[in-house]
Amino acid sequence: MGNRSRTITWVLRVVVVAYLLLLVAWPTGLIAKNTFADGFGGMQRALSDPDVTHALWLTVRVSVVAVLINLVFGVGMSLLLVRYDFPGKRILSALIDLPLSVSPVVVGLALVLVYNPRYGWLGEGLHDRGIDIVFATPGIVMATCFVVLPLIIREVVPVLEEMGDEQEQAARSLGASGPQTFWRITLPGIKWAIVYGVVLSLARSLGEFGAVKIVAGRSIGDMETATLLVQREYQNFHEDVAYSVSLLLVVASVLCLIVVAILRPSEGSHAEPLKEKK
């Protein structure tokens, strides 16, 4: 029985490793191989292209702004879902997962229908006041925010549920205000969930394509993010630039995950303080 169990374990390991190699490692390795097929020439040409540098900076700005917006609303929404009961709570919780089940292209189209400066429900009025949403940076930020909406919330909510609210109630009974309770009690307990949610949101924001493609329109240059530039350069047979930018996006996402893995304390480091308190 023991030999059979070990055999099944090894078979499962081989299947999982093969799956990851075929789905992740091999395609990523081919991108790196094609990027450096002629040395660093392709990367140098890409980074010396003004369109590439502009697309990279736009991607970074949009991603940072979208993550900051989702950080504020994500933590607030998590507290609302866990700490309060109200009519429609289950519906709100279900709507938060909508970006995971709806195609990003549909999200982009919905934003265009609402904020188009010619026929959008709100777009015409905003355009008359000099405010453009779609085919402009705000639309790209909104599309990115929608796509990454659940990531912080779904990291923070389970931690808040596990924490309970006993310490928060004790702090309030001792005269602590709401902000004091949050900064001194709640935030330290959920900080690593927030960090993971932020990193996942950043990695997802850097690689968003579908919703951004619809919202940005056909504009080249000003409203072109890194993913849109990769598509254009590849279709125009500038494959070295497309591979180089793709590799930069992959490296940025992997570095985010590595940094969090290094910074996150081990479970043992949490257990020791708890034992001391007892």
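Trainee: How many aromatic pairs does the structure hold?

Mentor: This is a predicted model, in which local features need pLDDT of at least 70, side-chain atom pairs count only at pLDDT 80 or more, and totals for chains, interfaces and linings use all residues. Residues are numbered from 1 along each chain as its sequence is written, and side-chain values use heavy atoms, with hydrogens and water left out. Rings of Phe, Tyr and Trp (its six-membered ring) pair if their centres lie within 6.5 Å; planes under 30 degrees apart count as stacked, over 60 as edge-to-face and the rest as tilted. The number of aromatic pairs in the structure is three.

Trainee: Why is the pair of phenylalanine 36 and phenylalanine 40 classed as it is?

Mentor: The ring centres of phenylalanine 36 and phenylalanine 40 are 5.3 Å apart. Because their planes stand at 65°, the pair is edge-to-face.

Trainee: What kind of pair do phenylalanine 182 and tryptophan 183 form?

Mentor: Phenylalanine 182 is partly exposed at 21% relative accessibility, whereas tryptophan 183 is exposed at 57%. Their ring centres lie 5.5 Å apart and their planes are at 80°, so the pair is edge-to-face.

Trainee: Which residue lies over the face of tryptophan 10?

Mentor: A charge sits over a ring if NZ of Lys or CZ of Arg is within 6 Å of the ring centre and within 35 degrees of the ring normal. At 4.9 Å from the ring centre of tryptophan 10, the residue over its face is arginine 13.

Trainee: How many helices does the chain have?

Mentor: Helices (H or I, at least four residues) and strands (E, at least two) are DSSP runs, numbered from the N terminus. The chain has zero strands, and its helices come to 15.

Trainee: How far apart are the end C-alpha atoms of residues 135–153?

Mentor: The unreviewed UniProt entry lists residues 135–153 among its "transmembrane region" features; such annotations may be inferred rather than shown by experiment. The span is 84% helix and 0% strand. Its end C-alpha atoms are separated by 28 Å.

Trainee: What percentage of the residues of the chain count as buried?

Mentor: The chain has 278 residues. The share that counts as buried is 32%.

Terms used. Buried < 20%, exposed > 50% of the residue type's maximum accessible area, 1.4 Å probe, protein only.
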